[in-house]
Amino acid sequence: MHSEREAIPEPSSSVDDDVSRIGIPIERLADETLLAGLATGDAEIAVAFVRRFQRKVFGVAVAVLGDPVLAEDVAQQTFERAWQHAAVFDARRGSVAAWLTTIAHNLAIDMVRARRATPVDPAELSTLLGMMVDTPERQAIANEASGELHKAIATLPHDQARAVVMAGIYGMTGNEIADFEGIPLGTAKTRIRAAMTKLRASLVGKQANDG
Amino acid sequence: MAERDCARLRELAPELALGVLTGEERAEARKHLATCPDCREYVLELTSVGDSLLALVPGAEPPLGFEDRVLSRLGISAGQQAATTQPISVAQVAAAARMPQPQARPQPKPQAQAAPVVELERKRAQRGARRWLPVAAAAVAIALVFGFGGWAMGLNNQGGQGSAAPPAQVVATPLLHGTLLSADRKAIGHVWAWPGKPSWVYMDIEVEPHTGMSVTCQVQQADGSTVTVGTFALSNGYGHWGAPAPVGTGEKARLLDSDGAVIASATLS
């Protein structure tokens, strides 16, 4: 398993196509190519990059923070980090979108913790969970691992799904979840563990089937 | 004892992977992971689950003007913006890596070394269809062909308190470069090569237009042997191409026309 992770894959067909073609529209460049182009400081490439990922990045930030002003700050910081660290992006470890959303998520969690704000509104949690289980964008994730995860999370018991969203999206600790739900700490931890174990099994199972 | 440690880790792993494990439990988990590759792999898989969860979060339209504010934050002038529907060659990004950006007042350059390259730039500038940008050649060329080395997710992200900066991994292998010189010492392109694993070459070339012209790339290795890397087509005299290839410092890359005649060569350094 480990060696498979270390193996360097063949270039993706999209990148390969890009390299072999001349004069393709900038909007059709592969994500990795656009990220590489971001390092040029060229406004045209930067605009295309921001346009391609801004909804995803802002969506994660505003989901965690619940405040559009703070979320914009986090989203801007995310693109700034991407610009600064484009050279260390490793396509072997995930997509550009996953990289960006991870940066945005980490920044948002940092901001929540620094401000010691109430991490989540109960109504927002229910809304977010509902959207994650039955999102209108599910077509867009149909070809990703998240497509499998989407199916798996929809089949989780509701209390486990809530626990994993609180921990995984809002960054809430076991203690915070226990307080929020009015349950013992051990129960909160058990819900997180049970949910994550099932979600992992869905992804590992898909990889086994694909392999 | 070790099995019991692994069982305990499996209890803590989900929270660790989601970055919400704190205090003594976090220290306990990290201590075990330092000595147990199987459990590290398990945590990595769970971290991947956590990252995939983020993909389920619905997108949201940022406030009006967001794009401009990002560019301003990056120090990119809004005045530089252009319509994004204009076609752009991928090679514009990659091949321009070492090209000085055209300046309003061109500075005199040392003739002895720069003449062939200046000639190439002048020729390209006359075409006017491409913009040459100062970029990091290594980063761009690697990304175009194989992706960059090293944004570390997973264990680097399990600190529990959020780790905003993407962890860096230094790519130690230097990128090699050579200017493709024709028989009459004119610069007609560039070759970049990365002698890492896997090793590869990437090049761009511009010659007098010949319809349907294709060129073959060969690498002359240090032991004198020649390896044919592949053949690619030029369009209107221009092309860019990359492929896995056995390359190293001091070796030569050369391009042959369809008749097998050498039209240019470059020494990689």
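Author: Arg185(B) is exposed in this predicted model. The reason is a count: 9 other C-beta atoms lie within 10 Å of Arg185(B), and 12 or fewer makes a residue exposed. Arg185(B) sits in the loop between strand 2 (176-181) and strand 3 (187-194) of chain B. Its backbone stands out too. Phi of Arg185(B) is near 65°, a positive value in a residue other than glycine. Most residues other than glycine have a negative phi.

Pro195(B) lies between strand 3 and strand 4 (200-206) of chain B. Pro195(B) counts as partly exposed because it has 18 C-beta neighbours inside 10 Å. The cut-offs place partly exposed residues between exposed, at 12 or fewer, and buried, at 20 or more. Pro246(B) is 51 residues apart from Pro195(B) along the chain, yet their C-alpha atoms are separated by 7.3 Å.

Step back to chain B as a whole. Chain B holds seven helices and nine strands. Of its 269 residues, 38% are buried. Among contacts in chain B with a separation of 6 or more, 60% join residues 24 or more positions apart.

Chain A has its own make-up. Its secondary structure comes to 11 helices and one strand. From the N terminus, the order is α-α-β-α-α-α-α-α-α-α-α-α. Buried residues make up 49% of the 211 residues in chain A. For contacts in chain A with a separation of 6 or more, residues 24 or more positions apart account for 61%.

Check the confidence before reading details. Chain A averages a pLDDT of 79, and 78% of the residues score at least 70. Helix 1 (residues 2-6) of chain A has the lowest confidence in that chain, at a mean of 33. Helix 9 (residues 158-168) of chain A has the highest, at 95. Over residues 1-23 of chain A the pLDDT is below 50. That stretch still has 32 contacts in the model beyond near neighbours in sequence.

Next, the helix pairs. Two packed helices are described by the angle between their axes and the distance between the axes. Take helix 3 (residues 31-38) of chain A and helix 4 of chain A. They pack at an angle of about 135°, with their axes 9 Å apart. That angle makes helix 3 of chain A oblique to helix 4 of chain A. The crossing is left-handed. On the helix 3 side of chain A, the contact residues are Leu34(A), Leu35(A), Gly37(A) and Leu38(A). They meet Ile45(A), Ala46(A), Ala48(A), Phe49(A) and Arg52(A) in helix 4 of chain A.

Look at Ala48(A) in that list. Ala48(A) belongs to helix 4 of chain A. Ala48(A) is buried because 22 other C-beta atoms lie within 10 Å, and the cut-off for buried is 20 or more. The C-alpha atoms of Ala48(A) and Glu27(A) are separated by 6.5 Å, although the two are 21 residues apart along the chain.

A second pair is helix 5 (residues 68-85) of chain A and helix 6 of chain A. These pack at an angle of about 135°, with axes 9 Å apart. Helix 5 of chain A is therefore oblique to helix 6 of chain A. Here the crossing is right-handed.

Ala98(A), Thr101(A), Thr102(A) and His105(A) make the contact from helix 6 of chain A. Asp51(B), Leu54(B) and Ala55(B) make it from helix 3 of chain B.

Finally, the core. The largest nonpolar core has 89 residues. Leu38(A), Ala61(A), Val64(A), Ala104(A) and Ala108(A) touch the most other members. Helix 4 (residues 43-65) of chain A gives the largest share of this core, 15 residues. Another core lies apart from it, with 27 residues, among them Leu180(B), Val207(B), Val247(B) and Ala266(B). Back in chain A, Ala108(A) touches Val60(A), Ala61(A), Val64(A), Leu65(A) and Val74(A), not counting residues up to four places away in sequence.

Notes
Residues are numbered from 1 along each chain as its sequence is written. Chains are lettered from A and ligands numbered from 1 in the order in which they are written. This is a predicted model: local features need pLDDT of at least 70, side-chain atom pairs count only at pLDDT 80 or more; totals for chains, interfaces and linings use all residues. Helices (H or I, at least four residues) and strands (E, at least two) are DSSP runs, numbered from the N terminus. Two residues are in contact if their C-beta atoms, placed from the backbone, lie within 7 Å. A nonpolar core is a set of buried Ala, Val, Leu, Ile, Met, Phe, Trp, Tyr and Cys residues joined through C-beta atoms within 7 Å. pLDDT is the predictor's confidence in each residue, from 0 to 100. Axes are lines fitted to C-alpha atoms, for helices over the stretch in contact, and angles run from 0 to 180 degrees between N-to-C directions. Angles under 35 degrees count as roughly parallel, over 145 as roughly antiparallel, 65 to 115 as roughly perpendicular and the rest as oblique. A crossing is left-handed if the near helix is turned anticlockwise from the far one by less than a right angle, and right-handed if clockwise.
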